[in-house]
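Hi there,

Here is the structure I promised to pass on to you. Have a look at it first, and then read my notes below.

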Amino acid sequence: MTWIDAQVRARTLATSDIVLLDLAAVDGAEFPSYTAGSHIDVQLGPGMVRQYSLCGTPGPGRYRLAVLNVANSRGGSQAMHALAVGDRVRISAPRNHFPLVTTHRHVLIAGGIGITPLLAMLTELERAGAEYVLHYSARSRFHAAFLDELSANPRVSFHFDDQHIGLDVARDLGEPQAETAVYVCGPDGFMDYVLSKAEALGWPRRALHTERFGTDRTAPTGPEPTGFVVRVASTGTEYGVTEDQTVLDVLLDNGVDAPFSCQQGICGECVVRVLAGEPDHRDDVLTDAERADGMFTTCSSRAHSPVLEVDL
Ligand code: FES
């Protein structure tokens, strides 16, 4: 991955536990432009890379991140909150695994810090004159970022738990509608709740678009991992992958030049094609179509079959 040297140009608190950081290139160059829903990797130290959605106005120039200070996190959010104006970090170019799709109507559903990519989407939809609504759920007004800019927008509905006006998926999303895309972002529990309710209402999976990060992620669920063999197609060499190793760990330990970034199954940087064997997908980035097309994340996914051959 090519890293870009960036500098914190502005730092403000959006709430008591959400910091807004504006980044600009150290050398004064323009950052690559991006589309709504994009995220960047931020390198905070050796082995510490985190993903954050871009929540400013899509386009070149500065990047704006909103970061929740997560208690008991793995250190990324605290490191981001500790950044001061003038501090430097290295960032990746933007990637978008959560793009707006071409359709007639858009329903955005944000839980807490999940507002960040949806704010960029709202800006883009507003600019395009598209039909959309945003449901923004938070613990209270004091935990909701961007309240001032969103309050004046009649397309935005707020749901505050402390006022007992929480999100009701049956009421607020309702029955499936044609040519409607639903975008959901927030903590895992919030997303699981919204998605399960939406599917119970009859919304097809293809209409539901999600992205899972910016919060503490839980370990993937499923059966306990078991060992298997990964075969590198270019050399035919086979390596054992034990229960507590990832395919990526094993490849890197053996000097195989495998791409990677987040190592959490959310960025898509480590994706390779499976040529033989049955994958056990455990990532949060690949679509069903990409999985059916043989795509596989080495950092998080495993194998149901004894041998998995990858195109490396
Ligand atoms: S390294 Fe990010 S999905 Fe595997």
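Please keep in mind that this is a predicted model.

In general, strands of a sheet pair through backbone hydrogen bonds, either parallel or antiparallel.

Now zoom out to the open sheet, where 5 strands pair in parallel in the order E9-E8-E7-E10-E11. Strand E9 (156-160) and strand E11 (208-211) are at the edges with a single partner strand each, so one side of each has no neighbour in the sheet. From one strand to the next, the twist averages 15°. Helix H2 (residues 115-128) lies across strand E7 (105-111), E8, E9 and strand E10 (180-185), at about 155° to E7.

Next, the aromatic rings: the whole structure holds 5 aromatic pairs. Phe31 and Tyr63 are stacked, because their ring centres are 4.2 Å apart and their planes are at 25°. Phe31 sits in the loop between strand E2 (18-25) and strand E3 (39-45), and Tyr63 in strand E5 (residues 63-68), so this pair ties together parts 32 residues apart in sequence. Both Phe31 and Tyr63 are buried. The rings of Phe158 and Phe160 have centres 5.7 Å apart and planes at 15°, so they are stacked too. Phe158 and Phe160 are also buried.

Enjoy exploring!

Key
Residues numbered from 1 in each chain as written. Predicted model: local features only at pLDDT ≥ 70, side-chain atom pairs only at ≥ 80, totals over all residues. Heavy atoms only, no water. Pairing = 2+ DSSP bridges. Helix = DSSP H or I, 4+ residues; strand = E, 2+ residues; numbered from the N terminus. Axes fitted to C-alpha atoms, helices over the stretch in contact; angles between N-to-C directions. Contact = heavy atoms within 4.5 Å. Phe/Tyr/Trp six-rings, centres within 6.5 Å; stacked < 30°, edge-to-face > 60°. Buried < 20%, exposed > 50% of the residue type's maximum accessible area, 1.4 Å probe, protein only.
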